[in-house]
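Dear colleague,

I am passing on the structure below, together with notes on how its chains meet. Please read the notes with the coordinates open beside you.

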There are 4 protein chains.
Amino acid sequence: MPATHDDVALKQLYADFAATGLMPLWATRDDLMPTVPRPGARPHVWRWVEVRALAARAGDLVPVGRGGERRAIAYANPGIEGEPYATPTLWAAVQYLGPQEVAPAHRHSQSAFRFVLEGQGVWTVVDGDPVAMRRGDLLLTAGWRWHEHHNIADSPMLWLDGLDIPLVAALDAGFFEFGPDEITDRSTPQLSRNERLWRHPGLRPIGAPVTRTSPLMAYRWEHTDAALDAQLELDAAGSAGAVEPGHAAVRFTNPATGGDALVTMRMEMHRLEVGAASKVSRSVGSSVWQVFDGDGTFELGRDVLDVEPGDVVAVPSWCDVRVRARSRLDVFVFSDAPVYEMLNLASPEGIRAR
Amino acid sequence: MPATHDDVALKQLYADFAATGLMPLWATRDDLMPTVPRPGARPHVWRWVEVRALAARAGDLVPVGRGGERRAIAYANPGIEGEPYATPTLWAAVQYLGPQEVAPAHRHSQSAFRFVLEGQGVWTVVDGDPVAMRRGDLLLTAGWRWHEHHNIADSPMLWLDGLDIPLVAALDAGFFEFGPDEITDRSTPQLSRNERLWRHPGLRPIGAPVTRTSPLMAYRWEHTDAALDAQLELDAAGSAGAVEPGHAAVRFTNPATGGDALVTMRMEMHRLEVGAASKVSRSVGSSVWQVFDGDGTFELGRDVLDVEPGDVVAVPSWCDVRVRARSRLDVFVFSDAPVYEMLNLASPEGIRAR
Amino acid sequence: MPATHDDVALKQLYADFAATGLMPLWATRDDLMPTVPRPGARPHVWRWVEVRALAARAGDLVPVGRGGERRAIAYANPGIEGEPYATPTLWAAVQYLGPQEVAPAHRHSQSAFRFVLEGQGVWTVVDGDPVAMRRGDLLLTAGWRWHEHHNIADSPMLWLDGLDIPLVAALDAGFFEFGPDEITDRSTPQLSRNERLWRHPGLRPIGAPVTRTSPLMAYRWEHTDAALDAQLELDAAGSAGAVEPGHAAVRFTNPATGGDALVTMRMEMHRLEVGAASKVSRSVGSSVWQVFDGDGTFELGRDVLDVEPGDVVAVPSWCDVRVRARSRLDVFVFSDAPVYEMLNLASPEGIRAR
Amino acid sequence: MPATHDDVALKQLYADFAATGLMPLWATRDDLMPTVPRPGARPHVWRWVEVRALAARAGDLVPVGRGGERRAIAYANPGIEGEPYATPTLWAAVQYLGPQEVAPAHRHSQSAFRFVLEGQGVWTVVDGDPVAMRRGDLLLTAGWRWHEHHNIADSPMLWLDGLDIPLVAALDAGFFEFGPDEITDRSTPQLSRNERLWRHPGLRPIGAPVTRTSPLMAYRWEHTDAALDAQLELDAAGSAGAVEPGHAAVRFTNPATGGDALVTMRMEMHRLEVGAASKVSRSVGSSVWQVFDGDGTFELGRDVLDVEPGDVVAVPSWCDVRVRARSRLDVFVFSDAPVYEMLNLASPEGIRAR
């Protein structure tokens with residue numbers, strides 16, 4: 001507005017603003033309040049073939065230990081300078097735990113999940129409950145719960161770590177506490193106690209408390225796989241159930257409330273039949289996708305990205321997304337959608353209507 | 001209060017009240033507003049050996065057909081005169097469907113469940129979705145959903161019907177509609193479509209709607225049994241999970257919300273170890289229990305009732321209850337507890353605190 | 001169904017049913033499960049001119065005292081035999097408190113309100129907080145709160161008492177406790193403490209607890225009147241706000257939650273302009289209306305009832321209702337609508353959709 | 001962890017991480033996940049005497065117009081470099097509208113309020129509803145609602161603008177739209193239409209929709225003042241109601257739900273008696289306070305800040321706060337507390353418990 005105001009008084013005014021800790025809106029309004037979201041984060045793909053190899057090299061070179069805590073290597077969005085963030089709200093990393101390795105206990109207010117890409121033989125002990133980890137499983141570590149990992153196998157294990165670290169950092173809400181330096185529980189039960197209580201469909205254990213974060217902390221691949229198959233079979237038979245033709249999807253939820261399994265992040269698994277494609281969709285908020293199985297393409301705005309198993313894709317806010325399956329395609333996705341729904345920011349018209 | 005007022009004026013006043021459609025509180029206050037609940041319904045047990053035999057005789061003598069609709073024989077509380085009600089809010093009946101018999105479609109605003117005592121080979125078709133019925137299963141027919149039954153076996157099948165008929169009657173909220181006279185679907189799939197979508201623990205099918213009544217309409221005995229076993233195993237190992245020592249219990253819930261599977265009724269299955277006993281408890285609201293397996297006793301106030309498999313017990317409002325297991329004891333129970341919780345009537349102190 | 005089965009075996013079966021405490025559904029299905037609600041309660045009007053006179057005679061003849069507790073005369077629906085119930089869920093009564101009279105403290109799990117028809121000078125002390133009562137005011141006495149009344153005026157005072165007595169009776173949920181025989185607080189503040197905290201629009205006192213029943217216990221006529229006027233002024237100016245043309249209405253709500261002021265009953269005040277009429281509407285559930293000011297008609301199904309100030313009208317479940325104003329008409333109404341909404345019984349299609 | 005690993009392989013690994021868009025957790029864990037919140041934002045005070053003078057100078061030098069949109073001068077926290085943010089989630093600014101000036105219509109997904117410090121004679125037109133602004137009033141402009149301002153007075157008007165701009169920016173959820181360049185409505189009603197419908201305590205207009213953001217858009221000082229006085233009077237009389245001795249407070253809420261008036265921000269007014277002090281408290285999340293009337297001190301961690309009317313104080317996350325009143329002290333405060341409550345981040349122990 002006042003770009004041509006170069007007289008002395010105005011210069012002095014701006015200098016006095018600065019000296020007083022003030023900043024005029026009119027000079028920054030357009031940046032502060034864009035007409036549509038203008039995320040710094042970019043649509044981006046990280047190739048598993050590269051990431052896998054680097055993780056293995058880190059396994060050889062970098063020990064896991066107190067302070068660094070985890071051999072987790074973060075997907076850093078090229079549009080978010082200097083921060084190890086996949087999107088402005090979501091942290092995503094590959095974690096690599098070598099044969100017989102351990103990662104000691106800690107807890108933090110950030111919520112976390114693990115989605116297993118490769119291997120088995122690791123147990124994550126959450127608040128004293130040892131949880132087996134196997135390929136395709138989703139494991140939860142909700143905020144402020146103690147957790148440690150130990151690998152009993154002779155092979156490494158790799159998984160996707162998803163956390164709300166950037167959101168919690170933006171909100172100055174982070175708390176962290178170290179646990180013992182040694183692993184507290186090396187037992188290796190096939191089923192964790194939380195699963196024994198909560199994995200029965202529609203059956204609530206009356207003696208167990210109801211919490212906003214899911215008391216069920218392991219979602220096994222066999223169930224996810226069966227649920228997706230069932231949707232596609234129903235779809236093929238002309239019955240309702242799939243998201244759209246050739247596209248099945250499940251959301252990982254808290255069985256005690258039906259809500260998202262974690263308060264700040266939504267996790268889902270999608271399966272597309274050979275040749276199927278999702279509709280183009282667009283959300284306020286961001287997401288991170290990881291191909292679990294199969295090949296296909298991600299259409300992100302004008303970009304078309306070929307993807308293979310293990311590839312990770314970041315989708316910024318308000319970016320058009322379409323997924324196409326070349327072979328049958330299984331994709332895991334996590335997003336910050338619950339945050340926008342709770343804060344009434346999921347769409348501009350929605351803001352008004354509500 | 002005015003018991004000695006017998007003068008003419010007062011008599012005339014009462015006569016004029018009656019003529020005008022008025023009734024004075026002071027003459028009825030004590031009955032209207034007792035110091036604690038004084039239910040007409042009584043603690044009562046119906047013996048399966050008797051009920052089973054009568055149901056079989058009805059199977060021989062009484063056809064199932066349009067109008068009467070179902071060969072359901074209601075447990076009529078001896079304290080509730082003239083009404084076929086197990087308690088003031090709950091209808092319970094044994095339903096008997098003979099070999100090859102059918103019961104035609106209808107729907108009603110009353111919510112219903114079936115808990116199977118004996119047999120298999122019946123399918124109940126709910127809103128077009130055929131649901132197999134087997135011993136130990138709980139099947140839902142929420143309000144206003146079409147449903148019909150057909151038996152493909154050469155043996156009869158018996159189950160407990162639970163409905164909120166008395167509640168809906170007291171509220172003048174009943175609607176009923178007849179469907180076709182012939183069975184609409186005679187297919188016999190092992191899994192209903194609703195199960196294929198919703199029986200996966202913690203996994204919500206994204207394409208399916210969320211409703212207050214459970215979209216999962218079958219809770220299979222194998223899951224219930226496993227859930228109860230797991231609680232008792234955890235209990236034996238010193239871990240949390242059981243309701244109290246030697247006492248496991250699950251509530252049948254809506255996986256889309258975590259709430260009760262039906263809006264107006266709560267269904268649970270309890271398992272007590274040999275020799276275990278529940279604490280004495282007392283609720284505002286009533287319940288109906290049916291022994292599924294094992295022997296034991298119900299202590300209801302001062303009454304002690306021995307129970308065997310199939311026996312049905314009615315527990316009125318505010319009656320002390322304790323269950324003791326002679327052998328390992330499995331008991332199904334349904335109650336009106338959600339009604340009292342929603343209406344803030346679950347306890348007098350609770351009313352005030354909230 | 002088996003009306004022609006008159007053979008010996010069938011007779012014996014029915015006798016054995018009766019002896020065993022069983023009742024067959026097929027003999028009673030039509031009564032138990034009507035196609036639409038068939039309330040016993042009838043549309044009915046009680047004339048204020050008659051009721052007022054009888055209340056005054058009771059004031060002369062019947063003292064208020066311990067046991068009878070209140071000089072409340074209930075509107076007894078002619079379709080509900082032997083019970084002092086206006087509808088199957090709602091109690092309505094005129095209460096008459098003579099000059100200088102008192103009514104001692106008690107409390108009960110039933111929720112109550114008072115809507116003042118005539119007079120002023122009574123204070124109702126609710127949980128130790130004295131609340132002035134004046135014509136047009138709505139005063140709350142939620143469940144299990146101590147309350148007593150005392151009249152400091154030289155004239156009687158008459159108000160409508162509304163309670164959920166029939167509902168609580170049907171649910172066997174009634175608790176009652178006597179307080180001291182003497183009035184505990186004879187102070188007469190213009191504003192009760194709850195009003196001082198909660199009567200400020202949109203302002204929550206941070207130090208006060210939030211409860212399901214309204215912490216605001218007095219809704220003053222001056223506010224109700226102004227709110228209704230404002231809606232009609234906006235309506236006349238072509239702005240939104242009224243319920244329909246010429247028809248304004250407010251609901252009495254809990255300012256801490258926005259929900260109904262009492263959990264089990266909904267209270268509203270409606271104002272119709274001269275000559276205006278409401279649309280015909282029909283609800284599952286019942287209501288009781290009292291004309292506060294003006295003349296008009298109630299069209300209840302096929303009945304057309306002329307009404308004058310003070311007249312009370314009962315509307316059973318599923319009965320068509322239309323109100324017409326001859327002069328400007330103010331009508332107070334209370335209903336059991338929250339119960340049906342919570343229990344998912346507010347409409348048959350609604351049951352299914354949810 | 002690997003600070004001494006300086007061999008070639010490790011250097012190459014880190015270089016390859018960077019080239020592949022990866023960042024290792026172990027190098028940044030301590031910054032990413034502090035043991036307690038380490039906000040960049042600092043406790044800070046801006047002096048009204050300085051800010052007022054600068055705003056007036058801006059009034060002389062800088063016109064209000066399209067693009068810059070508003071003569072709003074933001075309080076920029078000295079700990080948040082380069083951004084006009086009072087805290088990481090909250091925008092606060094003084095807005096100055098000169099005699100007869102106008103600010104044209106726009107709308108945005110960010111939610112806003114105005115709290116008036118000085119003057120009167122401005123109307124803000126929100127979605128077509130003109131709302132008068134006067135000293136002490138709180139006015140809402142929830143997300144995506146059109147709004148414009150016009151000053152009919154011969155004196156300027158100054159108010160505090162509060163918005164969730166930083167939060168919405170961090171979430172990439174900002175939408176913005178320009179309205180007409182000319183003011184659309186110059187009418188100057190004493191009461192807006194939303195007030196006429198919604199300012200009646202506890203009375204919901206039945207014909208108006210219920211929304212998450214408050215339909216009441218003006219909270220008048222006379223009500224706020226009276227509510228605070230009442231609490232202190234009750235406190236002085238030994239009755240409950242105040243937050244703590246000598247400390248009254250109200251929260252501005254949505255009368256249709258009882259929740260916060262805006263979804264993402266909490267607004268409150270606090271009043272402390274002469275000599276009173278609040279307890280020390282500490283929150284996860286930040287707040288901005290503005291003295292409305294009176295003198296006192298803010299104790300923020302180890303800092304003690306004297307404050308006078310109009311002074312603005314920023315309180316970062318997890319900072320101890322105590323307010324002391326030298327004279328009777330009225331302080332307006334807004335915060336991001338609802339965000340943390342919804343996201344289950346309001347306290348580390350709370351995260352776990354829920």
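**How the chains meet**

The contact between chain B and chain C takes 83 residues from chain B and 83 residues from chain C, where two residues are in contact if their C-beta atoms, placed from the backbone, lie within 7 Å. By class, the side of chain B that touches chain C has 51 nonpolar, 20 polar and 12 charged residues; here Ala, Val, Leu, Ile, Met, Phe, Trp, Tyr, Cys and Pro count as nonpolar, Asp, Glu, Lys and Arg as charged, and the others, Gly among them, as polar.

Before going further, please note that this is a predicted model, in which local features need pLDDT of at least 70 and side-chain atom pairs count only at pLDDT 80 or more, while totals for chains, interfaces and linings use all residues. Residues are numbered from 1 along each chain as its sequence is written, and chains are lettered from A and ligands numbered from 1 in the order in which they are written.

**Chains B and C**

Strand β3 (residues 72–75) of chain B pairs with strand β1 (residues 22–24) of chain C in the antiparallel sense over 3 bridges, and A74(B) has M23(C) as its bridge partner in β1(C). Two strands pair if DSSP finds at least two bridges between them; helices (H or I, at least four residues) and strands (E, at least two) are DSSP runs, numbered from the N terminus.

Two packed helices are described by the angle between their axes and the distance between the axes. Helix α1 (residues 8–20) of chain B and helix α3 (residues 48–61) of chain C have axes that come within 11 Å and cross at roughly 155 degrees, the axes being lines fitted to C-alpha atoms, for helices over the stretch in contact, with angles that run from 0 to 180 degrees between N-to-C directions. That makes α1(B) roughly antiparallel to α3(C), on a scale where angles under 35 degrees count as roughly parallel, over 145 as roughly antiparallel, 65 to 115 as roughly perpendicular and the rest as oblique. The crossing of α1(B) past α3(C) is left-handed, that is, the near helix is turned anticlockwise from the far one by less than a right angle. On α1(B), the residues A9(B), L10(B), L13(B), D16(B), F17(B) and T20(B) meet E50(C), V51(C), L54(C), R57(C), A58(C) and L61(C) of α3(C), and this contact has 8 nonpolar, 1 polar and 3 charged residues.

**Chains A and B**

Here 39 residues of chain A are in contact with 39 residues of chain B. On the side of chain A that touches chain B, two or more residues each come from α5 (193–198), β13 (203–205), α6 (221–236) and β15 (247–252) of chain A, and the largest share, 7 residues, comes from α6(A). This side divides into 21 nonpolar, 12 polar and 6 charged residues. β15(A) runs antiparallel to strand β13 (residues 203–205) of chain B and is joined to that strand by 3 bridges, with R251(A) opposite R204(B).

**Chains A and D**

An open sheet of 7 strands, with antiparallel pairing, has the order β1(A)-β3(D)-β4(D)-β11(D)-β6(D)-β9(D)-β14(D). At its edges stand β1 (22–24) of chain A and β14 (218–219) of chain D, each with a single partner strand, so one side of each is left without a neighbour in the sheet. β1(A) pairs with strand β3 (residues 72–75) of chain D over 3 bridges, and P24(A) stands opposite I73(D).

Chain A and chain C make no contact, their nearest C-alpha atoms being 15 Å apart, and no contact joins chain B and chain D, whose closest C-alpha atoms lie 15 Å apart.

With best regards
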